[in-house]
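Please have a look at the sequence and the 3D view before reading on.

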Amino acid sequence: MALEDNMKQNAVPQQDGSLSEEEETDLKIAVLIAERLIDGGGIKVIDNAIETSSDPGQVIGQFLMQMVSQMNEQLPKEAQLSKRIYFAHGGWVEQISDYLQEKYNIDKKIMDRAEIYIATAAQKMSQGQQQQAVQGQPPQSTVPNDPQAAAQQGGM
């Protein structure tokens, strides 16, 4: 998939081995939550991005990253999901991409672009957090606050 190709090109290390049993459970939970959020209204943001944005893949990528962020913020600390589930082979990003393609007929090229955006943004965030840790600063999120507004503006 596009995510894996982008990760190889940008030398992002793949997670070695498969997910643990606990991580597999986390993945199932995260996918179900995301599917419900998409079905419950998130598809409107995605449709709007496709109709109005010059780069719908980027806007959808932003929306999915915001979804991950909000899911993690809503869960209590003791119920936090493993971060590995999002980018693992067959993980959250791939499953949600496939879900959107299969259930809502979102074009594969658009979803590939969304996956590339997510991989690139996650890599930049990781590099920024590593840099800040070296400098002794707390990590900052670079996930956009309002993907719906970004969709209306035609992306960032």
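Predicted model: local features only at pLDDT ≥ 70, side-chain atom pairs only at ≥ 80, totals over all residues.

Residues are numbered from 1 along each chain as its sequence is written, and side-chain values use heavy atoms, with hydrogens and water left out.

**Overall fold**

The protein chain has seven helices and zero strands. Here helices (H or I, at least four residues) and strands (E, at least two) are DSSP runs, numbered from the N terminus. Read from that end, the elements run α-α-α-α-α-α-α. Of the 156 residues in the chain, 46% are buried. In this report, buried means under 20% relative accessible area, exposed means over 50%, and partly exposed is in between (1.4 Å probe, protein chains only).

How do helix 2 and helix 3 pack, and at what angle? Their axes are 10 Å apart and the angle is about 145°. Axes are lines fitted to C-alpha atoms, for helices over the stretch in contact, and angles run from 0 to 180 degrees between N-to-C directions. The crossing of the two helices is right-handed; a crossing is left-handed if the near helix is turned anticlockwise from the far one by less than a right angle, and right-handed if clockwise.

On the helix 2 side, the residues that meet helix 3 include Ala-30, Ile-33, Leu-37, Gly-42 and Ile-46. Their partners in helix 3 include Val-59, Phe-63, Met-67 and Met-71. By class, this contact has 15 nonpolar, one polar and no charged residues. For these classes, Ala, Val, Leu, Ile, Met, Phe, Trp, Tyr, Cys and Pro count as nonpolar, Asp, Glu, Lys and Arg as charged, and the others, Gly among them, as polar.

Helix 3 has 15 of its 19 residues buried, so it is largely enclosed by the rest of the structure. Its length also checks out: at 1.5 Å a residue, it should span 27 Å, and its end C-alpha atoms are 27 Å apart. The expected span of a helix is 1.5 Å times one less than its number of residues.

Helix 5 (residues 92–104) should span 18 Å with its 13 residues, and the 17 Å between its end C-alpha atoms agrees with that. Its buried residues include Trp-92, Ile-96, Tyr-99 and Leu-100.

**Salt bridges**

The structure holds four salt bridges. A salt bridge is a side-chain nitrogen of Lys or Arg within 4 Å of a carboxyl oxygen of Asp or Glu. Three of them are described here.

| Pair | N to O distance |
|---|---|
| Glu-23 and Arg-84 | 3.5 Å |
| Arg-113 and Asp-55 | 2.7 Å |
| Lys-108 and Asp-112 | 3.1 Å |

Glu-23 and Arg-84 form one of these salt bridges. Glu-23 lies in helix 2 (residues 21–52) and Arg-84 in helix 4 (residues 84–87), so the pair ties together parts that are 61 residues apart in sequence. Glu-23 is buried at 10% relative accessibility, whereas Arg-84 is partly exposed at 23%.

The salt bridge between Arg-113 and Asp-55 also links distant parts of the chain, 58 residues apart: Arg-113 is in helix 6 (residues 108–135) and Asp-55 in the loop between helix 2 and helix 3 (56–74). Arg-113 is partly exposed at 32%, and Asp-55 is buried at 18%.

Lys-108 and Asp-112 both lie in helix 6, four residues apart, about one turn of the helix. Lys-108 is partly exposed at 44%, while Asp-112 is buried at 17%.

**Loop residues**

Ser-20 sits in the loop between helix 1 (2–9) and helix 2 and is partly exposed at 35%. Ser-20 and Ile-85 are 65 residues apart in sequence, with their C-alpha atoms 9.8 Å apart in space.

Most residues other than glycine have a negative phi. Asn-105 follows helix 5, lies in the loop between helix 5 and helix 6, and is exposed at 65% relative accessibility.

Definitions and conventions: Contact = heavy atoms within 4.5 Å.
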